[in-house]
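Please keep the structure in view while reading the points below.

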Amino acid sequence: VASGSELLLNSSNSYDSMIVDDKFIQEYIKAPLQSIIEYYPQEISGIESSLNEFFAKNNCLGMNLPKVFLHHEFNPWNILAENNGNLILLDFEDSKSLGLPLLDLYNYFLISYRIAFVGETMESNARSFDEKSKRACIVLKVYNDFSKKYCEKFNISELLKDFLFIVYTIDAITFFISDKRKEINYAKSWLPMLKALSVSNCFENFINKEID
């Protein structure tokens with residue numbers, strides 16, 4: 001986890017910036033959310049009111065966001081480690097040279113958490129609940145330490161962390177239900193993240209709730 005985090009920090013160079021405005025919210029939140037609602041109307045009933053609650057409490061309009069390189073599938077299995085310690089990043093099929101910050105970070109740590117806690121292999125499935133919780137807590141600790149460095153580098157506020165977790169969650173789900181992927185059942189497993197959107201520290205609270 002730490003090595004992948006270092007690669008993400010070192011490979012994310014700011015090129016430009018954008019302003020969070022009504023057009024941004026329409027493009028990255030409201031429009032893609034409608035496609036999710038069409039697939040899962042019952043599973044995410046009330047999500048729009050939760051988002052309205054978030055925006056009522058947290059006014060993100062006018063805030064500045066840096067544009068960074070976005071891998072878009074920044075997962076542990078897309079990173080190879082050479083014997084000399086160098087890290088090699090694979091699979092740039094869906095990357096963007098000018099993407100949104102934090103999306104790769106959330107994806108990397110969420111997938112790392114799922115590997116550590118939920119289980120992606122026979123070995124991980126066989127671990128005890130206590131061992132899974134211990135591993136998940138380590139992932140969360142590394143995330144907290146690393147996300148602080150990341151946000152300092154790109155001058156991202158705590159408020160924007162939660163805002164971008166909303167963007168990430170919606171982006172991830174629409175990515176899997178797109179015509180290109182059509183992984184409808186897998187996308188459904190990501191829906192619980194939408195229920196964590198109206199509270200502060202969305203990502204941390206989502207992980208802690210899962211561990212508890």
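How many nonpolar, polar and charged residues does the lining of the second largest pocket have, by class?

1. The model is a predicted one, and the question above can be settled directly: the lining of the second largest pocket is made up, by class, of eight nonpolar residues, three polar residues and three charged residues.

2. This second largest pocket has a volume of about 160 Å³, and 14 residues line it, with Y28, K96, L100, L103 and D171 lying nearest its centre.

3. As for the elements around the second largest pocket, at least two lining residues come from each of α2 (22-39), β5 (96-99) and α7, and α7 gives the most, with four residues.

4. Turning to the largest pocket, its volume is about 200 Å³, and among the 18 residues that line it, E73, N75, N107, F175 and F176 are the closest to its centre. The elements that contribute two or more residues to this lining are α4 (103-118) and α7 (158-177).

5. In the largest pocket, too, α7 is the element that gives the most to the lining, here with five residues, while the lining divides by class into ten nonpolar, three polar and five charged residues.

Definitions and conventions: Residues are numbered from 1 along each chain as its sequence is written. This is a predicted model: local features need pLDDT of at least 70, side-chain atom pairs count only at pLDDT 80 or more; totals for chains, interfaces and linings use all residues. Side-chain values use heavy atoms; hydrogens and water are left out. On a 1 Å grid over the protein atoms alone, a cavity is a set of points where a 1.4 Å probe fits but cannot get out, and a pocket is an open set with protein on both sides within 12 Å along at least five of seven lines; lining residues have an atom within 4 Å of a point. Grid points are joined across faces, edges and corners, and a volume is the space filled by probe spheres set on the points. Ala, Val, Leu, Ile, Met, Phe, Trp, Tyr, Cys and Pro count as nonpolar, Asp, Glu, Lys and Arg as charged, and the others, Gly among them, as polar.
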